[in-house]
Amino acid sequence: MDDKLQKPFYAALGVITLGLLGWGAASAGAQGIAFGLFTALTLGGSLICVWERSVVRSAFSLMGTFTGVAGLFLLLGADFLAVAQILIYVGGILALILFGVMLSPPDLAERKLSRVLGGLALMLGAVAWVGSKVAGTVAWATTDELPEPTTKVDEIGVAFLDPEGYVVPFELAAMILTVALVAAVYIARRKASDLTDPRAEERA
Amino acid sequence: MDAAAQSYSAQLAAIAPELTLLGVALVVLVADLWTKGKDGKLLAWLSVAGLVLVGALLYGQSGEPKTVFAMVDIDQFGRFFKLFTVASLVVVMGLVVNDRQQRLDDVGEYFFLLLSAGLGVFFMVSTTNLLLLMLGLELLSLCSYALAGFHKGNMTSAEASMKYVVFGGLSAGIMLYGISLMYGLTGTLDLVEMSNSATLAAQLSESPVPVAVAIVLVIAGFAYKISAVPFHFWTPDVYEGAPTPVTTFLAVASKAAGFGALLRFLGAMFMTEGVNEVIAEYGKSIGALLALIAAVTMTMGNLSALKQSSLKRMLAYSSIAHAGYVLIGAAAMTAAGFEAAMWYLAAYYFMNLGAFAVVLYFEAVTGSDKLENLKGLGPKYPMVSVAMVALLVSLTGLPPTVGFYGKYLLFVEGVDAGLMWLVVVAALNSVVSLFYYFRVAKALFLEQGEDAPTVLCSRNLSTLILLLGAGSVYFFFAPDAIQVWAAASLDMLGG
């Protein structure tokens, strides 16, 4: 976005981070600090992602978001989800995005702030209205203490293969992966007859 | 219903059609490798034989509705849509074999993807569990994306696939977000459990906004699959760019599957036995929303179809309009309304499969799907053209065709449910649709075209077209055959 706004934007992010950390520390001690840190990582990462003009910077800031979400999973005692989040999103998808960015031509089209402001304001208004209704009226399950971390991997494994559990969705997911693989190979593959041999021209 | 009492093998036997379809898909994939991709005819025959077997298994399946593997509902409702899918897939396979733009070598993936898409439909119409529903939907979508771009060298085909992927990804995300909200509000993924959830009812009395957001987001996912406004933007481009047999699959099987899942969603959430009264009452607001979507969808589809010059694009907008008509039955939120919607889908099967088969036929004759190329072809290809006129009459909704009877049922149920205004809109829309459907008939029979030599076309294809045309007339005189079946299929509502 605008170079002039670069400094105020990052200053505001810093203030929000400090505020979240302070609020966490004041309300729940060490756990609160951790929660504030991961929330700041998640929110900050996604804000930088849509703010930055360089796609590479946007992609790297996504790492913050993914790591922050993994941290939130950890705080909730879902260690398997946290590890899967890091492995799949940070290790796999982010690396893929970066490869995609590096292999595609740079696009430095200017985004004008004034053009998006109207839509942004409308969207923020709608989100704020719905958000206030959702946050204000839903009786979300709350607890004073975070749950004890437990190892959930074996339970997940059993549930996947239990006929009374999730065996059908599990196997269907396997089928989805098979189809994805076959479709990807079909789209990407070139037949030998389609390929031209560069040496053939030289010989001719 | 007692899952604990069922043995593992009994549960497996209950999903025998699904397992068989899976097996057929994998056999076709391996057979393609075995023959090194050179024997498309063999694969087509294998697929059709497998589908017939699956159909026979489904046909023999009856009796009490039951739930196996904790979330797969085996009942008549699912059976209706599964048989529908199998029957459409058989016709689509027939179109693939007769598609002149498709060489019949190297098409193993074509059949594999079509069969896998069918498997996705099987699961998405037979569950009230949102997780399994989403997985079935994704399997169907994934196959459809690849199929839309199956003509790799063709730019429009690639564009169609790309647009489909982007729109599909977006709408899947929207739907998943809605599902996560519903899970957060009720603590369960099962629709029947949601329908008598006390916390959800309490939430509705407190403030319905969060529930509305969640349900509207989920319905948006269905609206994309049935291409209802405002989630229809992909439809014309994808229908035009995709290979014609794939377009047929998307217009008929995929759309019916979307309706199957939508009706199951509405039925389980708002209309099952033992649904919480507050939630059932809220269902009426959702019905009003669907009525609004129906009105906009049919008007938008018909008005846009008026000025199309490509036959496939015109039929794409026409299929958007038809989604609007079927939505009348869903918006009625009554068992009879659902029944009418299912009857109309059965009618839709004949008219749209037939119309797209005719498009394929004339594509082979003239090399494109432009409307102007059809001029004067009627007398040269009399059988196909007469069948096309019957199909067009049916699409317009005039007697003596299934299109008329289906619309009649929908209108009656619409009026019964107090949606008089919607029925008036739909009737006016049918008049508008007359203009563009009869432009095709006029081009075929009343206009003079250039003198081109008659091209001999596959007799199998014209037989198929004749059968579908005859079906669209026959069931006008024998509506009970479908009606009994549709009525029996509502056992998912219980009682």
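# Salt bridges, pockets and cavities in a predicted model

Mentor: A:Arg57 is exposed, with a relative accessible area of 51%. Exposed means over 50%, buried under 20%, and partly exposed in between (1.4 Å probe, protein chains only). This is a predicted model, in which local features need pLDDT of at least 70 and side-chain atom pairs count only at pLDDT 80 or more, while totals for chains, interfaces and linings use all residues. Side-chain values use heavy atoms, without hydrogens and water; residues are numbered from 1 along each chain as its sequence is written, with chains lettered from A and ligands numbered from 1 in the order in which they are written.

Trainee: Which residue forms a salt bridge with A:Arg57?

Mentor: Start with the general idea. Side chains of opposite charge can pair when their charged atoms come close. The cut-off used here is a side-chain nitrogen of Lys or Arg within 4 Å of a carboxyl oxygen of Asp or Glu. The partner of A:Arg57 is A:Glu52, with 3.6 Å between the closest N and O atoms. A:Glu52 is buried, its relative accessible area being 5%.

Trainee: How many salt bridges does the structure hold over all chains?

Mentor: The total is 11. One of them joins B:Glu281 to B:Lys284, with the closest N and O atoms 3.5 Å apart. Elements are named from DSSP runs numbered from the N terminus: helices are H or I of at least four residues, strands E of at least two. B:Glu281 and B:Lys284 sit three residues apart in helix α13 (residues 277-305) of chain B, so about one helical turn separates them. B:Glu281 is partly exposed at 47% relative accessible area, and B:Lys284 is exposed at 57%.

Trainee: Where do B:Glu447 and B:Lys375 lie?

Mentor: Their side chains meet in a salt bridge of 3.9 Å, N to O. B:Glu447 is in the loop between α18 (420-445) and α19 (459-477) of chain B, and B:Lys375 is in the loop between α15 (335-366) and α16 (382-396) of chain B, so the pair ties together parts 72 residues apart in sequence. Both are partly exposed: B:Glu447 has a relative accessible area of 22% and B:Lys375 has 33%. A network of salt bridges also links B:Glu159, B:Lys163, B:Asp237, B:Glu240 and B:Arg313.

Trainee: What pLDDT does chain A average?

Mentor: pLDDT is the predictor's confidence in each residue, from 0 to 100. Chain A averages 81, and 82% of the residues score at least 70. Among the elements of chain A, the lowest mean, 54, belongs to helix α7 (residues 198-203), and the highest, 92, to helix α6 (residues 167-188).

Trainee: What volume does the largest pocket have, and which residues lie nearest its centre?

Mentor: Rolling a probe the size of a water molecule over the atoms shows where empty space is left. On a 1 Å grid over the protein atoms alone, a cavity is a set of points where a 1.4 Å probe fits but cannot get out; a pocket is an open set with protein on both sides within 12 Å along at least five of seven lines, and lining residues have an atom within 4 Å of a point. Volume is the space filled by probe spheres set on the points, which are joined across faces, edges and corners. The largest pocket comes to about 1100 Å³. Its lining has 22 residues, and A:Phe80, A:Leu81, A:Phe160, B:Leu131 and B:Leu135 lie nearest the centre. α3(A) gives the most to this lining, with six residues.

Trainee: How do the residues of that pocket's lining divide into nonpolar, polar and charged?

Mentor: Ala, Val, Leu, Ile, Met, Phe, Trp, Tyr, Cys and Pro count as nonpolar; Asp, Glu, Lys and Arg as charged; the others, Gly among them, as polar. The pocket lining has 20 nonpolar residues, one polar and one charged.

Trainee: How many cavities of 30 Å³ or more does the count come to?

Mentor: Two. The largest cavity has a volume of about 50 Å³, and its lining includes B:Glu138, B:Tyr145, B:Met175 and B:Lys225. α6, α7 and α10 (209-225) of chain B each give two or more residues to that lining. By class, the lining of the largest cavity has five nonpolar, four polar and two charged residues.

Trainee: Which residues line the second largest cavity?

Mentor: They are B:Ile219, B:Phe222, B:Ala223, B:Ile226, B:Leu262, B:Leu290, B:Ile293 and B:Leu327. α10 and α13 of chain B each give two or more of them, and α10(B) gives the most, with three. The lining of this second cavity has eight nonpolar residues, no polar and no charged ones. Its volume is about 30 Å³.
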